[in-house]
Amino acid sequence: MRQGYLWAAFCLWALTFPLLQASSDGLVRIGLKKWRLDYNRIRAARMARRAKSIGGVVKSMYQGFGDSDGEPVLLRNYMDAQYYGEIGIGTPPQNFTVVFDTGSANLWVPSTKCHFSIACLFHSKYNSRLSTTYIDLGKEGEIHYGSGSISGVFSQDNVQVGSMAIKNQVFIEATREASLVFVLGKFDGILGLGFEEIVVGNATPVWYNLLRQGLVQEDIFSFWLNRDPQATDGGEIVFGGVDKRHFKGQHTYASITQKGYWQFEMGEFLIGYQSTGFCEAGCAAIVDSGTSLIAGPTAIVTEINHAIGAEGIVSQECKEVVSQYGNMIWDLLISRVQPDAVCSQIGLCNFNGSQIESPRIKTVVEEEDARGTKVGNEVWCTACEMTVIWVQNQLKQRKTKEIIFSYVTELCQSLPSPMGESVVDCGRVPYMPDVTFTIADKHFTLTPKEYVLKTGEGITTVCLSGFIALDVPPPRGPLWILGDIFMGVYHTVFDYGNLQVGFAEAMQ
């Protein structure tokens, strides 16, 4: 029963999407409207965690339609996980609901030329024949996602984003949407706000055209997400500046370390103000309006979920590795063998002399009958690597062998389900520990009420951990993804001109 609730509740993945409004201060604002949580709709929309993936970063693809109320154009917030709105394409404008996503860079919407994809039947479609400013670019394009792909033709037309009219914007008319996720999704398309380094087909991203055509005063945009479930307004995105009413104090800025996603260096991660040891030397992180939860490496997310009492599916492979190879792992670590070499030395991972060849902590659980295959071997390697990380962290705290392996076995029990999600006892939320991220030497803390998503009412209530497992392999990973749960607590500025992101306590 719990597993059924878990799968149903997990459709809380999301992306963020907007429409704009000009104002006297020169800023272009997007209002957000809040929808109350509807557990029946959650149950009806089972969604895969790996719903959208470009370059190894998972995105969510289950979105909601928004209704335009004129100027200002409002965005809606669905289930504290989805923020969405409308844009117009063509002359006269044809309206579409899109996701405003800082983790991708292309704009695409369904096309009337899409005849053989069920998803296209349920969404608004762009008709080039109805636009007097349409230009056929004669080039095909395709974008691959974790749960499917879209393909179509590149076209050019004018795009209306709130009060801003972008001329000659290149986008993809999707003629094929190969995924059930696109069928269930309440969005039409996606408008990426990432860097041009991750764009597909050399198209100029919408954000770049907003800058080049002088449609915004400053080369920054900012997000305020209202997490009050009773509030009418869901939040606001401001293009060309920030709204001082939506944050307290000053922003703390972190420099962009790699263009593509809005990626920066994150410091130590704390559970209950105790060091986990995982990011002592720094971790790569991105802030992503297109992800509703917080994603991190399986090993550390398992420790977080264990600490807060979240439960997932038991990984038998993990427990077997501890039972059969625990002593060997212990002896090798005590003898100061490099942690990355331990699993290769006991024969559970391949090793080329400098690094493990298998993807680092690639997944949490695989089918048990896959043992003996390549996938099965990767599962054993994965379980070994996680065990090494856990034992190594506990050794730093000078704990005894018995205590360490008892703790590691408990972590195996707390491994997330195959989709990475875990549930918690709603009654325990007030007693759970805070979690803290270190960014630019400053602590950014989330309380249990802020990192637990509660849906439903009465006996249908489900509390979902806001932490999910996601292992991005090197060289881009390991990688943390700070999604809407984090951005809801901390007002976020995307400063393109100075290549930095800023965080300040959000007003609620």
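**Salt bridges, a cavity and a buried phenylalanine**

Lys248 has a relative accessibility of 42% and therefore counts as partly exposed (buried means under 20% relative accessible area, exposed over 50%, and partly exposed in between, with a 1.4 Å probe and protein chains only). The model is predicted: local features need pLDDT of at least 70 and side-chain atom pairs pLDDT 80 or more, while totals for chains, interfaces and linings use all residues. Residues are numbered from 1 along each chain as its sequence is written, and side-chain values use heavy atoms, without hydrogens and water.

The side chain of Lys248 meets that of Glu505 in a salt bridge, at 3.5 Å from N to O (a side-chain nitrogen of Lys or Arg within 4 Å of a carboxyl oxygen of Asp or Glu). This pair joins distant parts of the chain, 257 residues apart: Lys248 sits in the loop between strand 14 (233-239) and strand 15 (252-255), and Glu505 in strand 28 (residues 500-505). Helices (H or I, at least four residues) and strands (E, at least two) are DSSP runs numbered from the N terminus. Glu505 is partly exposed too, because its relative accessibility is 41%.

The structure has five salt bridges by this rule. In one of them, Lys113 pairs with Glu173, with 3.6 Å between the closest N and O atoms. Here 60 residues separate the partners: Lys113 belongs to the loop between strand 8 (107-110) and helix 3 (118-121), Glu173 to strand 11. Lys113 is partly exposed at 34%, whereas Glu173 is buried at 0%. Another joins Arg245 to Asp243, with closest N and O atoms 2.6 Å apart. Arg245 is exposed at 58%, and Asp243 is buried at 3%.

Strand 11 (residues 164-178) also gives the most residues, four, to the lining of the second largest cavity.

Phe221 lies in strand 13 (residues 220-225) and is buried, because its relative accessibility is 0%. Beyond its neighbours within four places in sequence, Phe221 has contacts that include Leu193, Trp207, Trp262 and Phe494 (contact means heavy atoms within 4.5 Å). Leu193 is 28 residues from Phe221 along the chain, and their C-alpha atoms are 9.7 Å apart.
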